[in-house]
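Welcome! Let us walk through this structure together, one question at a time.

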Amino acid sequence: MKLFTILASVLALIAVAMGAPNPVPEPQGGGGGGGGGNTICFGTRFLEYGPENCVTWMKFAELENLLGDTERSRGIYELAIQQPRLDMPELLWKAYIDFEVSQGESELARQLYERLLERTQHVKVWISYAKFELSTENPETEDADKEMSLDLARRVYERANDTLRQMGDKESRVLLLEAWRDFEKVSGTPQSLEKVIEKMPRRVKKRQKIVSENGVEEGWEEVFDYLFPEDEMTRPNLKLLAAAKMWKQAKLSETTEEPSNKDN
């Protein structure tokens, strides 16, 4: 009974902070009956008032979990992440993933990461995913299982690097490679660490034009850029392809020209 009262008070404070009227009912005489039904009702009313409030969803799901209804808690999380607008979606997704991990459902947590990556390619999600795969390693398991956890984490880093490379997000790619390097320092081998170090970029200073919103040049500024070895290796091939294309176009133009008339 005390637990229900505390949780109801927490939900009531959240509602007031959101601007909703205090939904706590007046005490009824007799003192009979449990408080669980009222608490669930409070949570439902808060969510109807502000479905974008992630904290309310999380507290409601935590309450169901405390009451021992795991499936209902999971259902609340599922309903929450499907809302069109959320004020702090990153916290909600993390809470859902942590919930599945706490239930020992590593595969469901892995599926949540994959679903989240369909919505965002943020570098923090990739790094968290890799750390999750590493955390599934159990010190008491066989060496083969430990190697599998390391391999799964490494695959996430590789996927993330390829994705961010295609997106051209250099800043995020640097953060990812630094996290990958730290992972290999602790859990990898000298060979695997060297492979990541070879991917690390050089930081260079460049000058670029300052152009106003009206398209007027306003001088130059110095900026920093990152040059990745993987990108540098592909540039010669691109130049060769461009040269081959120009040569082919030149040949085609020659064949389409009409031959000049010869003197008799």
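Q: In what order do the elements of the protein run from the N terminus on?
A: This is a predicted model, in which local features need pLDDT of at least 70 and side-chain atom pairs count only at pLDDT 80 or more, while totals for chains, interfaces and linings use all residues. Residues are numbered from 1 along each chain as its sequence is written, and side-chain values use heavy atoms, with hydrogens and water left out. Helices (H or I, at least four residues) and strands (E, at least two) are DSSP runs, numbered from the N terminus, and the protein has 11 helices and 2 strands. Their order is α-α-α-α-α-α-α-α-α-α-β-β-α.

Q: What percentage of the residues of the protein count as buried?
A: Buried means under 20% relative accessible area, exposed over 50%, and partly exposed in between, with a 1.4 Å probe and protein chains only. Of the 264 residues of the protein, the buried ones make up 33%.

Q: Which residues does tyrosine 77 touch, not counting residues up to four places away in sequence?
A: Contact means heavy atoms within 4.5 Å. By that rule, tyrosine 77 touches Met58, Ala61, Glu62, Leu92, Ala95, Tyr96 and Phe99.

Q: How many residues apart in sequence are the parts tied together by the pair of tyrosine 77 and phenylalanine 99?
A: Rings of Phe, Tyr and Trp (its six-membered ring) pair if their centres lie within 6.5 Å; planes under 30 degrees apart count as stacked, over 60 as edge-to-face and the rest as tilted. The structure holds 7 aromatic pairs, and the one between tyrosine 77 and phenylalanine 99 is tilted, with 5.4 Å centre to centre and 40 degrees between the planes. Tyrosine 77 lies in H4 and phenylalanine 99 in H5, so the parts tied together are apart in sequence by 22 residues.

Q: Which residues do ring pairs link into a cluster?
A: Both tyrosine 77 and phenylalanine 99 are buried. Ring pairs link these two with one more residue, and the cluster is Tyr77, Tyr96 and Phe99.

Q: Is tyrosine 157 buried or exposed?
A: Tyrosine 157 and phenylalanine 183 form a tilted pair, 5.4 Å centre to centre and with 35 degrees between the planes. Phenylalanine 183 has 7% relative accessibility and so counts as buried. For tyrosine 157 the value is 3%, so this residue too counts as buried.

Q: Which helices do the buried residues of H5 pack against?
A: H5 has 14 residues and reaches 20 Å from its first C-alpha to its last, close to the 20 Å expected at 1.5 Å a residue; the expected span is 1.5 Å times one less than the number of residues. Its buried residues are Leu92, Trp93, Ala95, Tyr96, Ile97, Phe99 and Glu100. They pack against H3, H4 and H6.

Q: Which residue caps the N-terminal end of H3?
A: The buried residues of H3 include Trp57 and Met58. A polar contact is a pair of N or O atoms within 3.5 Å; within protein, one must be able to donate a hydrogen and the other to accept it, and residues adjacent in sequence count only if both atoms are side-chain atoms. At the N-terminal end of H3, a side-chain oxygen lies 3.2 Å from the backbone nitrogen of valine 55, and the residue providing this cap is asparagine 53.

Q: Where is glutamine 83 found?
A: A polar atom of its side chain lies 2.9 Å from the backbone oxygen of leucine 79. Leaving aside neighbours within four places in sequence, glutamine 83 is in contact with Pro51 and Trp57. Glutamine 83 is found in the loop between H4 and H5.
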